[in-house]
Amino acid sequence: MIKGILFDKDGTLIDFFSIWPEIAKRVIPAFLELNGLNEHKDMEEDLFKSIGLHEGVVDPRGAFAYKSYTEISEDICDCLNKYGINMTVNGVYRQIKDMFNDTMRNANMKYITFTDTPKLMENLIEKGIRIGLATSDIEESAYKTLKELGIFDYFDYIGSDDGIRRPKPYSDMFVEFIDKTGLSADEIAVVGDTFNDMLFAKNNGGTAIGVLSGVSSRRDLEEIADYIIESVDELPGLTDRLNTDK
């Protein structure tokens, strides 16, 4: 029986493509300029490729689709090393985290959702389902998104990249949600748009529910997801069926 849901954020609750590729297109050139690396003509494109963003197309298993800023920083450092440029992961992390956050804060982009999100949360809570967030985004951005969507107060737990807890698919956020709610692992579903989200669920004993509203196709998810839906709009119906079957 599903008694708790851990939502991914980007691609699941909000439209990934309406925000993040455009933000990245601003951040990567700014990062190069800040570090005096503009003279390397091929570096900008290589950095985009290193994070899984090539000519505007997002690789569903690339860094940009699911990794934390620390992990993205590691990929950027690996790319820079090929040019003989050595930067610390921590140094890159501080720069790109602030750049992404500042760009997002100043861009005034409107969040696009896939359903009436407050109504969705109310529906799930009426069914007795506890709600959490497990995102690779930083805390400030995660809180900002939930507040702007008007759903912050519905969440029992908000897990994000705080520089300390390990990212998905490690167990940290899953265990914290269990500790917060008192639920058992098999009572928790993870709802997300990437293979990594599904792996996060399966590795920790939860139910993996994939959504096709983000970076992944059905083919990307079908080998690992327990259930696949078009978007979170279909989630109440699915939970009703699963909990009735139990």
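The legends below describe close-up views of a predicted model.

Local features are reported at pLDDT of at least 70 and side-chain atom pairs only at pLDDT 80 or more, whereas totals for chains, interfaces and linings use all residues. Residues are numbered from 1 along each chain as its sequence is written, and side-chain values use heavy atoms, with hydrogens and water left out.

**View 1. Packing of helix α1 against helix α2.** Helix α1 spans residues 20–34 and helix α2 residues 43–50; helices (H or I, at least four residues) and strands (E, at least two) are DSSP runs numbered from the N terminus. The two pack at an angle of about 130°, and their axes are 10 Å apart. Axes are lines fitted to C-alpha atoms, for helices over the stretch in contact, and angles between N-to-C directions run from 0 to 180 degrees. The helices α1 and α2 are therefore oblique to each other, given that angles under 35 degrees count as roughly parallel, over 145 as roughly antiparallel, 65 to 115 as roughly perpendicular and the rest as oblique. Their crossing is right-handed, a term for a near helix turned clockwise from the far one by less than a right angle, left-handed being the anticlockwise case. Helix α1 contributes Ala24, Lys25, Ile28, Pro29, Phe31 and Leu32 to the contact, and helix α2 contributes Met43, Glu44, Leu47 and Phe48; contact means heavy atoms within 4.5 Å. By class, eight of these residues are nonpolar, none is polar and two are charged. Ala, Val, Leu, Ile, Met, Phe, Trp, Tyr, Cys and Pro count as nonpolar, Asp, Glu, Lys and Arg as charged, and the others, Gly among them, as polar.

**View 2. Asn35 in the loop between α1 and α2.** Asn35 lies in the loop that joins these two helices. At 25% relative accessibility, Asn35 counts as partly exposed; buried means under 20% relative accessible area, exposed over 50%, and partly exposed in between (1.4 Å probe, protein chains only). Leaving aside residues up to four places away in sequence, Asn35 touches Met87 and Gln95. The C-alpha atoms of Asn35 and Met87 are separated by 10.0 Å, although the two residues are 52 residues apart along the chain.

**View 3. Packing of helix α4 against helix α5.** Helix α4 (residues 69–81) and helix α5 (residues 89–107) pack at an angle of about 120°, with axes 8 Å apart. That angle makes α4 oblique to α5. The crossing of α4 and α5 is right-handed. On α4 the contact is made by Tyr69, Thr70, Ile72, Ser73, Glu74, Ile76 and Cys77, and on α5 by Val89, Val92, Tyr93, Ile96, Lys97 and Phe100. The contact of α4 with α5 has nine nonpolar, two polar and two charged residues.

View 4. The structure holds 18 salt bridges, each a side-chain nitrogen of Lys or Arg within 4 Å of a carboxyl oxygen of Asp or Glu. One of them joins Glu187 and Lys3 at 3.2 Å, N to O. Glu187 is in the loop between α8 (172–181) and β6 (188–192) and Lys3 in the segment before β1 (4–7), 184 residues apart. Glu187 counts as buried at 17% relative accessibility, whereas Lys3 is partly exposed at 33%. Another salt bridge joins Lys202 and Asp226 at 2.7 Å, N to O. Lys202 belongs to helix α9 (residues 195–203), and Asp226 to the loop between α10 (218–221) and β8 (227–229), 24 residues apart. Lys202 is partly exposed at 37%, as is Asp226 at 33%.

View 5. The peptide bond from Lys168 to Pro169 is cis, with omega near 10°. Most peptide bonds are trans. Pro169 is placed in the loop between β5 (157–161) and α8. Lys168 also takes part, with Asp8 and Asp197, in a network of salt bridges. Within α8, the buried residues are Asp172, Met173, Phe174, Phe177 and Thr181. Their cover includes β1, β4 (130–138), β5, β6 and α9. Gly182, which follows α8, has a positive phi near 80°.
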